[in-house]
Amino acid sequence: MIKIGVGEIQQVLHRDMPVVTLEQIAAVHGVSIKTVQSSYREHKARFQEGKHVFHLDFAEASQLLAGQGVKASPNGLTLLPKLAISSL
């Protein structure tokens, strides 16, 4: 489990790094996914692909999340390292 603020979410590892999905961020903060997606788009320039954000296609996301209790979207998955969350 990863503790974010007062909430805890299922830990997902990508490249041996704890990461979270936008859906998990929304859930732990009690806001809609659209709110988190909007904030992400506003601050997207701050994130370097492969360092601060990871975009996975559906096949990669499904493989990564298999058995971890997190579902992959048909559109793929955006992952943020835990440390990048404060940038939203």
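Okay, let's start with tyrosine 40: it is buried, at a relative accessible area of 6%. Buried here is under 20% relative accessible area, exposed is over 50%, and partly exposed is in between, with a 1.4 Å probe and protein chains only. Before I go on: this is a predicted model, where local features need pLDDT of at least 70 and side-chain atom pairs count only at pLDDT 80 or more, while totals for chains, interfaces and linings use all residues. Numbering runs from 1 along each chain as its sequence is written, and side-chain values use heavy atoms, with hydrogens and water left out.

So, which ring sits with tyrosine 40? The structure has one aromatic pair. Its members are tyrosine 40 and phenylalanine 47, with ring centres 5.6 Å apart and planes at 25 degrees, so they count as stacked. The rule is that rings of Phe, Tyr and Trp (its six-membered ring) pair if their centres lie within 6.5 Å; planes under 30 degrees apart are stacked, over 60 edge-to-face, and the rest tilted. Phenylalanine 47 is buried as well, at 10% relative accessibility.

Now zoom out a bit. The chain has three helices and six strands, in the order β-β-β-β-α-α-β-α-β from the N terminus. These are DSSP runs numbered from the N terminus: helices are H or I with at least four residues, strands are E with at least two.

Tyrosine 40 belongs to helix 2, residues 33-43, whose buried residues are Val36, Ser39, Tyr40 and His43. Looking down the axis of helix 2, these buried residues fall within an arc of 100 degrees, so they line one face. That arc is taken over the directions from the helix axis to the C-beta atoms. Why would such a spacing work? An α-helix has 3.6 residues a turn, so residues three or four places apart point the same way. On the other side of helix 2, Lys34, Arg41 and Glu42 are exposed.

And what covers the buried residues of helix 2? The cover includes helix 1 (22-29), strand 5 (54-56) and strand 6 (77-81), with contact meaning heavy atoms within 4.5 Å.

Four strands make an open sheet, ordered 3-4-6-5, with antiparallel pairing. The edges are strand 3 (12-14) and strand 5, each pairing on one side only. From one strand to the next, the twist averages 45 degrees. Two strands pair if DSSP finds at least two bridges between them.

Let's walk across it. Strands 3 and 4 pair antiparallel over three bridges, and histidine 14 stands opposite methionine 17 in strand 4. These two strands form a hairpin with two residues between them, and arginine 15 in the turn has a positive phi of about 55 degrees. Strand 4 pairs with strand 6, again antiparallel over three bridges, and threonine 21 stands opposite leucine 79 in strand 6. Three bridges also join strand 5 to strand 6, running antiparallel; there, histidine 55 has threonine 78 as its bridge partner in strand 6.

Strand 6 is mostly covered, with five of its five residues buried. Leu77, Leu79 and Pro81 point one way, Thr78 and Leu80 the other way.

Now the other helices. Helix 1 lies across strand 3, strand 4 (17-21) and strand 6, at about 75 degrees to strand 4. Helix 3 (residues 58-65) packs on the sheet too, touching strand 3, strand 5 and strand 6, and makes about 100 degrees with the direction of strand 5. For these angles, axes are lines fitted to C-alpha atoms, for helices over the stretch in contact, and values run from 0 to 180 degrees between N-to-C directions. The buried residues of helix 1 are Leu22, Gln24, Ile25, Ala26 and Val28. After helix 1 comes glycine 30, with a positive phi near 70 degrees.

Last, chain totals. Of the 88 residues, 39% count as buried. Among contacts between residues at least 6 apart in sequence, 55% join residues at least 24 apart.
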